[in-house]
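Subject: Structure for you to look at

Hello,

Here is the structure I promised. Please open it first, then read my notes below.

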Amino acid sequence: MKNEPPRWATRLLEIFCAPHLLEEIQGDLHERFLRRTRLFGEREARLRYGWEVLQFLQPQFLKRKPDYSPKPQVTDMLRNYFTIAYRTILQQKSYAFINVMGLALGLAACILIFLVVRNELGYDSFNRKANRTYRVTVHGLDYNPSVSFAVAPAFRTDFPEAEQVSQFFYQREGQVQVGNEKFLEESYAFADGQFPQVFDFEWLAGNPKTALQEPNTIVLTETMAHKYFGDADAMGKTIRLDNEKELRVSGVIRDLPSNTHLNFNFLVSWETVRKDMNLTDFWSIQGGYLYVVLPEKLHPKRVEARIPAFIRKNWGKEIAKGAALLLQPLREIHFDKRYLTQITMPRSKETIYGLAGVAIVIILTACINFVNLATAQAVRRSKEVGIRKALGAFRGQLIGQVLGETTLLVSMATLLALLAVLAFLPFTKPLLDIRLDASQLAEPAVIAMISGIVLITILLAGLYPAFIQSGFQPIKALRARATDTSVGGMTVRKGLVILQFAITQVMIIGTLVVASQMDYFVNQDMGFDKEAVVSFWTGNKADVMRQKLRDNPGVEQFSFASAGPAFNFNFTPFSSPELGMADDDVTELKLVDENYIPMYHLEMLAGEPITKKAEGDTSNNVVVNQTLIRRLGIQKDADAVGKRVRVAGAQAIIQGVVRDFQSESKHKKIRACVLTYNSKAFWQTSVKLKPQNLRETLAKIEQEWSELNPESIFRYEFVDEHIAKLYNQEEKMYNAFRLFSGIAIVIGALGLFGLVSLMAVQRTKEVGVRKVLGASVASIVLLFSREFIWLMLIAFVLAAPLAWYGMDLWLREYAYHIQIGPAIFLAAILVTFVIAALTVSYQSIKAALVDPVKSLRSE
Amino acid sequence: MRRSYLGEFEEVVLLTVAVLAEGAYGVAITDELDRQTGRAVSISAVHAALHRLEEKGMLKSHLGEATAERGGRRKRLFSVTMLGSRTLHDIRAVREQLWGSISPQGLPAVSL
């Protein structure tokens with residue numbers, strides 16, 4: 001075995017020494033090592049070798065020789081890719097434009113929908129205890145989110161394990177007086193001391209633990225505090241509520257987040273009103289929301305199981321038989337459609353998932369555009385690919401190059417999309433009824449999600465073209481001419497166009513269905529006359545008001561009642577032991593005057609309308625609707641007259657039958673309804689105005705009303721506007737549909753436009769030859785259009801059943817809805833046809849008009 | 001005329017290269033220096049001086065044959081360039097001029 005110098009030293013030298021010096025140094029050291037081995041022995045030689053190596057570790061030997069020979073680095077290749085990408089974009093501005101715009105639109109829609117969906121699914125999640133907070137609701141004849149005020153104290157006693165039990169009592173409207181200024185405020189609530197422990201508000205002032213404990217205290221939201229007191233400190237100031245309560249401001253909280261089912265402008269301590277409330281009766285008309293927080297490991301089912309015993313113990317057997325209390329998880333409140341009468345309308349999860357689906361579809365359309373244009377264009381770049389391959393490019397590099405270019409375009413699109421989203425955010429509230437803040441865009445989860453969307457878009461849009469383009473055979477690619485017909489993927493491209501057409505058509509059909517349902521909501525016959533009728537709170541001195549209205553020349557007719565046809569506040573049990581219906585069912589109860597039926601043009605089908613009843617008249621005659629008598633099993637309207645029913649526990653005789661009218665939104669079936677005369681309940685005044693001088697008449701009414709009620713603020717509402725409000729949700733949905741299908745259509749049209757223009761370029765020669773041989777412009781346009789018409793028809797066959805299925809599902813949420821007729825499908829295909837024709841014809845006519853001399857001379 | 005400055009060690013190394021003529025490479029130069037001057041120089045110092053001199057243009061080099069005792073590595077053989085030669089001559093001329101100018105009393109006698 002030959003002697004070798006220590007390996008570590010040799011390695012060290014190899015690592016540190018400049019390569020151009022290495023050989024001679026190593027050689028010299030080796031030579032000396034061998035000599036020393038001979039002279040002094042191996043051990044000494046190794047030691048000295050190591051020492052000498054260490055001596056060479058000085059800058060002079062470490063410094064590498066400057067290298068001037070070309071050595072391509074990764075960055076050089078990248079720079080080349082950028083240059084080529086930049087040139088391609090410049091060369092084909094219109095395609096780049098179409099791609100970027102389409103992607104930007106798609107991404108913008110996608111990001112926006114993502115924000116909306118996130119907002120929706122995160123409802124009420126701002127509370128730390130959200131997952132174990134429940135709303136106690138009552139299930140009797142109906143699902144009711146409000147429970148009697150009697151439940152809370154009893155619950156507290158019988159379920160001591162509940163961490164918090166909080167009473168919340170919503171008020172639709174209240175009049176606030178600060179100093180001498182009066183405000184009519186919508187939405188406030190009474191809430192007890194535990195409420196701030198259940199819901200985690202952000203407290204700007206005051207102590208959440210004590211703010212709502214004492215009577216006559218009020219907690220304002222930031223906006224309200226600013227409205228009433230400006231920049232001054234609101235704490236300790238006095239506010240007068242509804243002309244009777246003097247309240248001290250004990251706290252200020254930040255405005256509610258956009259995604260909570262709660263809705264209030266201020267909270268008044270529950271103690272303020274507790275004494276006036278019915279705290280014993282289970283079926284009391286008064287009721288509010290009751291929230292409980294259960295301990296970590298207690299399943300709500302275990303509490304619900306003990307509810308029947310709880311009701312029996314506190315209110316007796318009878319009540320326990322007909323009612324159950326349910327624990328509704330806090331985070332489900334926003335999605336639970338069983339409860340329709342609540343502060344904020346619930347939204348079904350299907351709608352939200354539907355919206356998410358729309359986002360996917362839109363981004364898909366944008367990606368399809370990209371894929372189509374890129375593959376159609378790939379032919380143009382086949383030469384480049386051929387040369388790159390001939391010079392030794394790996395397939396992976398080519399794929400990387402295409403993906404890189406895609407990334408470049410998508411990044412540009414993302415930037416535009418983010419700008420568009422930022423610009424659109426302020427409009428989400430009025431258009432979609434969802435408040436989104438720009439700050440949400442900066443949250444890590446959102447950034448991650450957007451990056452995810454962008455990444456997926458890059459892959460969706462880039463992968464297929466990358467594989468097509470990198471798969472070219474260099475020989476074929478170099479020999480092929482740019483005008484040759486497409487390379488690869490024609491069937492794929494056709495498929496994608498069909499998919500795109502189908503998406504567009506589904507969106508159009510959807511929009512049309514929503515539009516007609518909207519129209520049906522607002523314009524369909526409600527069963528009563530709603531034109532030019534205003535309603536307002538009667539206020540004090542109804543008799544004086546009656547006289548004033550009678551004297552007002554602008555008033556055609558007026559009526560006092562507990563509620564107009566489109567309002568329902570009163571429900572009451574009814575039965576008819578005589579007709580064999582022993583168990584109670586629920587009916588609406590409207591207490592009206594003699595003008596009610598004629599003014600609203602309610603149609604009497606049998607018997608007599610309501611007449612005025614003198615003081616002390618104890619007869620109890622009622623008018624009922626058709627639904628009620630059907631419930632009693634009476635088929636002929638006239639047969640019902642004179643029959644006895646029990647309404648609200650009292651005997652009554654049916655004196656007339658009125659045709660069903662829509663008192664609630666069309667979400668629900670028309671309910672049974674009882675109308676009866678009761679002058680004690682004329683809370684609401686409805687006035688039918690003459691169409692002339694409407695404004696003056698209203699002004700006069702307001703003035704007279706204000707004189708009678710100097711403490712209050714006059715507020716009126718037109719009945720048709722009130723009805724439109726019932727469909728607020730649907731209107732927002734309609735807006736969303738219009739917006740997003742608009743975007744989908746624009747993206748689709750952009751893609752089609754790009755595709756046709758590419759096709760026109762590729763077929764320049766063919767068109768030239770055809771023209772020389774006598775083809776007309778029309779026949780050439782047809783040549784281009786024919787293919788697309790076919791694709792469109794195939795797409796329609798796919799889209800129609802899909803759209804029908806989806807929209808039918810949606811319509812079923814409404815008790816009353818339109819039928820999806822052939823007209824809608826016809827309209828949809830017509831719209832797509834027109835859009836496609838417009839897009840295709842521009843390019844094809846342009847191509848057809850080119851002088852054949854020019855098109856054939858090239859090359 | 002600009003004259004490249006040579007350090008004392010560089011001057012000695014340059015002279016040694018001239019002494020060794022054909023066979024001037026790292027190990028040989030180190031050995032020769034050892035023998036002629038009696039001082040133990042490190043091989044790294046010699047290499048450093050050689051390359052510095054080459055950068056200054058006083059030496060030129062080429063790679064020689066590989067030998068087994070070098071582990072199959074080639075040696076770098078150095079030779080003095082014109083510039084190197086002139087520099088050495090210049091230095092020598094200055095020294096001789098200086099020697100010639102010394103009066104007998106100028107230096108204490110040294111017995112050799």
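Among contacts in chain A between residues at least 6 apart in sequence, those joining residues at least 24 apart make up 81%. Keep in mind that this is a predicted model. In chain B, the share of contacts with a separation of 6 or more that link residues 24 or more positions apart is 46%.

Next, the make-up of each chain. Chain A contains 859 residues, and 38% of them are buried. It holds 31 helices and 22 strands. Chain B has 112 residues, with 29% buried. Four helices and two strands are found in chain B. Starting at the N terminus, their order is α-α-α-β-β-α.

Now a helix pair in chain A. Two packed helices are described by the angle between their axes and the distance between the axes. Helix H2 of chain A spans residues 19-40, and helix H3 of chain A spans residues 42-55. Their axes lie 7 Å apart, at an angle of about 150°. Angles over 145 degrees count as roughly antiparallel, so H2(A) and H3(A) are roughly antiparallel to each other. The crossing of H2(A) past H3(A) is right-handed.

Which residues of H2(A) meet H3(A)? They are Leu29(A), Phe33(A), Arg36(A), Thr37(A) and Phe40(A). On the H3(A) side, the partners include Ala45(A), Arg48(A), Tyr49(A) and Val53(A). Sorted by class, this contact has six nonpolar, one polar and five charged residues.

Best wishes

Technical notes: Residues are numbered from 1 along each chain as its sequence is written. Chains are lettered from A and ligands numbered from 1 in the order in which they are written. This is a predicted model: local features need pLDDT of at least 70, side-chain atom pairs count only at pLDDT 80 or more; totals for chains, interfaces and linings use all residues. A residue is buried if 20 or more other C-beta atoms lie within 10 Å of its own, exposed if 12 or fewer, and partly exposed in between; C-beta atoms are placed from the backbone. Two residues are in contact if their C-beta atoms, placed from the backbone, lie within 7 Å. Axes are lines fitted to C-alpha atoms, for helices over the stretch in contact, and angles run from 0 to 180 degrees between N-to-C directions. Angles under 35 degrees count as roughly parallel, over 145 as roughly antiparallel, 65 to 115 as roughly perpendicular and the rest as oblique. A crossing is left-handed if the near helix is turned anticlockwise from the far one by less than a right angle, and right-handed if clockwise. Ala, Val, Leu, Ile, Met, Phe, Trp, Tyr, Cys and Pro count as nonpolar, Asp, Glu, Lys and Arg as charged, and the others, Gly among them, as polar.
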